[in-house]
Amino acid sequence: MVENGEKYIAEITGISSDGNGVGTVDGFTVFVPYTVAGDTVEIEVTKVKSHYALSRLVRIITPSKDRITPECGLYPRCGGCGLLHMNYNAQREAKKGFIEAALRRIGGFKELLCDEFISPATPVRYRNKCIYQMGKSENGLHISGFFANGSHDVVPVSDCLISPEINSDINAAVTEYSNEYNIDAKSLFIRHARATGEIMVMLSIGGNRPPEREELIRKLLAVSDKIVSVYIGTNNGNRLIYGKPEITDMLCGIRFNISPESFYQINPYMTEMLYNKALEYAEITKNDIVLDIYCGIGTISLAAAKRARRVTGIEIVKQAVADAEKNARRNGISNAEFFADSAENAVPRLIESGMKPDVVILDPPRRGSDEATLRAIVTAAPKRIVYVSCNPATLARDAKYLAANGYTPARCAGADMFPGTVHVETVLAMMRIQ
Ligand code: SAH
C-alpha cells in the first residue's frame, strides 16, 4: 500500500492503454505519466485507489534503454503528443500491445495478434491540418501556438515537429500581421494537400470587423505561392478572401477537393496505407456488393467502388455525404451511392429491404458501432467484415459480438497514423464461418 503525497521509488514494467507507465512499489500498482518500461523513477503519489495509485514523476533515477530526449521543446507541455519520451520502435511496440491487450481482455480472443504493424518511414511532419490558437503574451504581443495541456493558456509554438516546416513561416507572417494591425484573431487553420502541394489558410477572427485583407494576403503570398486559398473565419461563416474555395488532393488514385469544413484524414501517407490494407483484407471482386458504414466523405467507398459491382456508403453528416457524391461525380465513379443517415437507422432498414452485401466495411468513431447496426450486419451474412477502428477497446467489444454471431477473426493489422501520440488505428478482418 502507498500513501497520498508520499514519495517512493518505482520500477516501470509496462504501459497502460492511455500511455502512462505502469510500475510497482512493493508489489502495489502505480501509474506514472511520461515513463517507459525499464525506467527506475522517483514518484509522488497523488491519488490512492483500492487496487492502484496515480502519481507524478519526480525524477528519473535510471533511464530505460527505450527512453530518449524528445526533440520537441514543448513536450509534454502542449498536450498533443504523449509518447515522445520513447524511441520510435518502443512507441510501435506499445501501440501493438494496446491492440492485442484489448482484443484479449475485452474481446476474449486468447490468441489473436496483430499480423502486421504498418508505420511511416519517418514519424515526423505528417499532419496535413493544423489549428493554432491565437493569444497574447504577458507583454501584450499577439502570439500563436497551442493550448497548454489541460488549460486555455496559449503556449507559443515556433515549430511543431509533427507539422510541416512551412507552418512556422505562416505563423510568423500571421502574428506579424496581427501585431501590426492589432487583430485579435482566435485561431489559425492551415491545411496542406500532399499530392499537389496546395495550401489553404484560414484566420478566424470571431467578430465581424473587416481586417486589412490585402496586407494579410500579401504577407502570406510572400511566404509561399503554394498558398492558393485564404479564408477569414467570422461568426457569420467563412469568407474566401483570396484564391480558390477548395484545394485538391489525391488519395488511392482518387481526386478529392477539400473545403475548410470538410472532414479529411490528417496523415495522408498513412491513410493511403491504411485504406490499402482495408481493401486488401476486404478481397473485393468485380461482382461484390459492398456496404461502407461510417463512410465520411467516401474515401474508402470510392476506392472500393473501383473494384466492386456496387458500393453503398452510410454517413450521418449531411455535408460529408454531399462531398462524397461530388467526389464520386468528379472522378467519374457511377457505381457508388450514399445515404445521409445514422448507421443504426440506415443499416437495419437497408438489410430489411433486401440488400445483400458481400463485404461490409465499417470505420466508426471512437465510441465504436452499436448493437442495432451489428445485428443487421450479421443478419445480412456478408462473407467478410472489415472493421477499421481508432479505438482498440470498442473494436474488441464489437468484434466479440461478431464472433458470437458467426464470424471469426482472419487478419489483423495495426497502423501508426499518429506517431508521437497515444492513438493507434486497427484493421480487423472477420470471415463468416460456413
Ligand atoms: N471512413 C471515413 C470516416 C471515418 S470517421 C474516412 O476514413 O475518412 C467516422 C465517421 O462516422 C465520421 O465521418 C462521422 O461523422 C460518422 N458517424 C458518427 N456517428 C455516426 C452514426 N451513428 N452513423 C453514421 N455515421 C456516423
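Reply: Glu 215 has a relative accessibility of 16%, so this residue counts as buried, the cut-off for that class being under 20%. The model is a predicted one. Glu 215 is part of helix α3, which covers residues 213-223. Its side chain has a polar partner in the side chain of Arg 218, at 3.0 Å. If neighbours within four places in sequence are set aside, Glu 215 touches Tyr 177, Glu 180 and Tyr 181.

Another glutamate can be described in the same terms. Glu 246 is placed in the loop that links β13 (237-243) to β14 (247-251). Its relative accessibility is 16%, so Glu 246 is classed as buried. The side chain of Glu 246 forms a polar contact with the side chain of Arg 330, at 3.3 Å.

Val 30 belongs to strand β3, residues 28-32. With 0% relative accessibility, Val 30 counts as buried. Beyond its neighbours within four places in sequence, Val 30 is in contact with Ala 10, Gly 21, Val 22, Gly 23, Thr 24, Val 25, Ile 43 and Ala 53. Between Val 30 and Leu 54 there are 5.8 Å from C-alpha to C-alpha, for a separation of 24 residues in sequence.

Ser 158 is a case on the outside. Its relative accessible area is 63%, so Ser 158 is exposed; the class begins over 50%. Ser 158 sits in the loop that runs between β9 (154-156) and α2 (166-181). Its C-alpha atom is 46 Å from that of Phe 109, and the two residues are 49 residues apart along the chain.

Next, the helix packing. Helix α7 (residues 343-352) and helix α8 (residues 371-380) have axes that come within 8 Å and cross at roughly 20°. The two helices are therefore roughly parallel to each other, since angles under 35 degrees fall in that class. The crossing of α7 past α8 is left-handed. On the α7 side the residues that meet α8 are Ala 343, Glu 344, Val 347, Pro 348 and Ile 351, and on the α8 side they are Ala 372, Thr 373, Ala 376, Ile 377 and Ala 380. Sorted by class, this contact of α7 with α8 consists of eight nonpolar residues, one polar and one charged.

Helix α8 also packs with helix α9 (residues 392-403), at an angle of about 35° and with the axes 10 Å apart. Here the crossing of α8 past α9 is right-handed. Glu 371, Leu 374, Arg 375 and Val 378 come from α8, while Asp 398, Tyr 401 and Leu 402 come from α9. By class, the contact of α8 with α9 has four nonpolar, no polar and three charged residues.

Ala 381 lies in the loop between α8 and β20 (384-389). Its phi is positive, at about 55°, although the residue is not a glycine. Most residues other than glycine have a negative phi, and most peptide bonds are trans. Ala 381 has 28% relative accessibility, so it counts as partly exposed.

Arg 125 likewise has a positive phi, near 55°, and is not a glycine. Arg 125 is found in the loop between β6 (116-118) and β7 (129-136). At 26% relative accessibility, Arg 125 is classed as partly exposed.

On the peptide bonds, Tyr 75 and Pro 76 are joined by a cis one, with omega about 0°. Pro 76 is in the loop between β5 (52-62) and α1 (88-105).

Conventions: Residues are numbered from 1 along each chain as its sequence is written. This is a predicted model: local features need pLDDT of at least 70, side-chain atom pairs count only at pLDDT 80 or more; totals for chains, interfaces and linings use all residues. Side-chain values use heavy atoms; hydrogens and water are left out. Helices (H or I, at least four residues) and strands (E, at least two) are DSSP runs, numbered from the N terminus. Buried means under 20% relative accessible area, exposed over 50%, partly exposed in between (1.4 Å probe, protein chains only). A polar contact is a pair of N or O atoms within 3.5 Å; within protein, one must be able to donate a hydrogen and the other to accept it, and residues adjacent in sequence count only if both atoms are side-chain atoms. Axes are lines fitted to C-alpha atoms, for helices over the stretch in contact, and angles run from 0 to 180 degrees between N-to-C directions. Angles under 35 degrees count as roughly parallel, over 145 as roughly antiparallel, 65 to 115 as roughly perpendicular and the rest as oblique. A crossing is left-handed if the near helix is turned anticlockwise from the far one by less than a right angle, and right-handed if clockwise. Contact means heavy atoms within 4.5 Å. Ala, Val, Leu, Ile, Met, Phe, Trp, Tyr, Cys and Pro count as nonpolar, Asp, Glu, Lys and Arg as charged, and the others, Gly among them, as polar.
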